[in-house]
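Please load the structure in a viewer and keep the selection panel open. The stops below are given in the order in which they may be selected.

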Amino acid sequence: MRMTLAAALLATTMMLPMAQAMGQSSIPAASASPTAKPPANAPYRNASLPVDARVADLLARMTLDEKVAQIITLWDSKADVQNADTTWNSAKASQKFPDGLGQIARPSDRSGPSSPRTNKLRSIEESVAYANAVQTWATKNTRLGVPVLFHEEALHGLAARDATSFPQSIAMASTFDPDLVRDVNSVIAREVRARGVPYVLSPVVDVARDPRWGRIEETFGEDPYLVSEMGVAAVEGLQGKGRPGALPPGKVFATLKHMTGHGQPESGTNVGPAPIAERTLREDFFPPFEAVVKRTGIEAVMASYNEIDGVPSHVNKWLLGDVLRGEWGYEGAVVSDYYAIDDLVKLHKIAPDLADAARQALTAGVDSDLPNGAAYKTLVASVRAGKVKEADIDAAVTRMLRIKFMAGLFENPFARIKDTAVTNNEEAIALARRTAEKSLVLLKNDGVLPLALPATGAPKPTIAVIGPNAAVARLGGYYGIPPRTVSPLDGIKALVGDKATIVYNEGVKITENDDWWADAVQLADPAANRQRIAAAVEAARGADHILLFIGDTEQTSREGWADTHLGDRSDIDIVGEQEELLDALKALGKPVVVVLVNGRPPSYPGVVAKADAILETWYGGEQQGHAIADALFGRTNPGGKLPVTVARNVGQLPFFYNHKPTARRGYLFDDKAPLFPFGYGLSYTKFTIGAPRLSAASIAAGQPVTVTVDVANSGARAGDEVVQVYVRDSISSVTRPVKELKGFQRVTLKPGETKPVTITLTAAAFQMWNADMKRVIEPGEFEIMVGANSADLQSTKLVVTP
């Protein structure tokens, strides 16, 4: 159990006589003079003492200015403390930050918020040199020698130069493979830590329920259970399993984002209000956060931009205090989202100025102001004016210092260039390719896939590779600049070699610019696109097969973080002239395989109706081209599943499978069914999932039960199936969803092979929040449903007794 601040202070005073008895008689107590430079053997420098005692000793030595310095960050104004060549300038740093500095955001970039395409990111060598120069200044040139905490973005790979780029989060969710997500994040951690950075702002565990929202690509989908399992796996990959205390080598501290309701904003617009009732919060949006807090050693949680019932998350004492720190027992730090405390003034209008915004956020439990500390810089004056309690400052500083001590920064704050050899090595590249392979979702196939290549000496087929997403590897938001990327066209050429003739044409452009960072988004000129379509038709006229790569750019699905930088949409169909391109190619009378490269769920009814086959690839990371080519030509068998429900149109939104019984009753002149259901995905082989068998027909409340099904591969190819278990409470005191995912397992079967798959449902699978907002298990009948997706299920009954 972690000590309270008071307990830690007491522990420090008790440990000093113990240290003296061990021969360390020169160790003094915290200096009576708050401005005296501590001795080299001050207790907070003693690695053998408990972290809480070290924190308390250091805190007792700090002036108010030094305390506040630990809860602010540097990003926008990096130029103020750098030389003209963007290297660190210690003299400038001492002038701007005489009392030290808590954090530096994204040390891999040179000058704060700007595109890595136009603002060249630091090389690995430059990153290491920069980090070490900063730490030399912090440890040698400040009174207390407190090292700086660096953080980076690492959603699907370190967003830096020369790091490995993995598939976007929504793609990783499609794998339904937590072990794979854990492995990916372990590699991410290794590459981040090698640059001297011990802390990242990932993963995102927002439950996403509106595809208009541009950030849906950053999530693990719509289901609380799936998001929970993927979120836990991601944190374990980044930090290590369990509660390690001290950060293990090659690991980084994770940040749980964004608490909460962020994934279903009003009108689908980023930062919009989340008009969500408490019961819905507890049933659908809280579970991933609670699971990670209770099952891992998570040390940082980020509050969300949005408001809930009129209270922005950054000042929500019920959310951050009563629930997070109270009910769940969370003891780590709460950090702000970028500029979110400033937004209490600018957007939410609940504070007249930054000083009041800082006061409200601090007293609600937000411990660090990202990314530039503009609001928290006012706290020194607020304390002296009696508007803010110094005890609240102490609590925030304590939590942030704990991260620095547990990261080992006081013992070794420096990076070593030889450690960066682990970056984008063969293992990482192979894992990026394997993850992309397992994320692919086959949505439609009339038999045209997989494509066959002729034997040596046989006539060569002509394959037309067409589309705006064919010759580029789209990486998605929060991207880095990997050493190399493989576009689908590159992957197809590498696989096919001289066995076929490849013809390429862009077909259309989607947006004039495709940089995620650029503010303006302009669709390509329709007239110019129609000229491109004509050229594509001519290029494909003599082809035997047409592979059409369409979907999104990084601009048509992204985080809308400002009025001048939008990323949300009022329409979810495919944009521009892409469907016109499909129509023109279909008119040639040849089979057309549509390959979707996108961040939003593929809500393209026209495309679905016209294509002969559809492969969903999402943003597949740096190795996407190889993975896509292998699937198209049958070297691998797609086995991914949709982590979201795909709506037919905007009028169905929000659309999620675990709806209440009174929802989805139907519409005039339209189909109420989704375009594709949650959990859906086809294969090149045929699987049969048998009827579910329970370990007991009746259990007492609180007991587990196992569900077993036989899964058979009756086709001619090896492949993967995802067995999904859903639960429904037949009769309940408050309304319950028609079904809820409570277990899943991805299994690989050879042709003709049958395997029993057993999934355990714990007591949590049957819990609910009753009318008194208490989490209980109500005795009665439950329906246990098993299948390959949320729509095609077989069921049995389970009785739960008191």
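**Stop 1: a helix pair**

Select helix H9 (residues 278-285) together with helix H10 (residues 287-295): their axes come within 6 Å and cross at roughly 55°. That angle makes H9 oblique to H10. Axes here are lines fitted to C-alpha atoms, for helices over the stretch in contact, with angles from 0 to 180 degrees between N-to-C directions; under 35 degrees counts as roughly parallel, over 145 as roughly antiparallel, 65 to 115 as roughly perpendicular and the rest as oblique. Helices (H or I, at least four residues) and strands (E, at least two) are DSSP runs, numbered from the N terminus.

Next, display the side chains where the two helices meet: Leu281, Arg282, Glu283, Asp284 and Phe285 of H9 are in contact (heavy atoms within 4.5 Å) with Pro287, Pro288 and Phe289 of H10.

The model is predicted, with local features requiring pLDDT of at least 70 and side-chain atom pairs pLDDT 80 or more, whereas totals for chains, interfaces and linings use all residues. Residues are numbered from 1 along each chain as its sequence is written, and side-chain values use heavy atoms, leaving out hydrogens and water.

**Stop 2: helix H19**

Select residues 578-586, helix H19, in which Gln578, Glu579, Leu581, Leu582 and Leu585 are buried (under 20% relative accessible area; exposed is over 50%, partly exposed in between; 1.4 Å probe, protein chains only). Viewed down the axis of H19, the buried residues fall within an arc of 155°, so they line one face of the helix; the arc is that of the directions from the helix axis to the C-beta atoms. Their cover includes strand S10 (462-466), helix H18 (526-540) and strand S12 (545-551).

**Stop 3: glutamate 721**

Move to strand S19 (residues 719-729), which contains glutamate 721. This glutamate 721 counts as buried, at 7% relative accessibility. Which residues does glutamate 721 touch, not counting those up to four places away in sequence? Among them are Lys641, Phe687, Arg746 and Ala788.

**Stop 4: backbone geometry**

Select serine 202 and proline 203, which are joined by a cis peptide bond with omega of about 10°. The peptide bond from lysine 257 to histidine 258 is also cis, with omega near -10°, and histidine 258 is found in strand S4 (residues 256-259).

Finally, select two residues with positive phi. Arginine 106, near 50°, counts as buried at 7% relative accessibility. Phenylalanine 669, at about 65°, counts as exposed at 83% relative accessibility.
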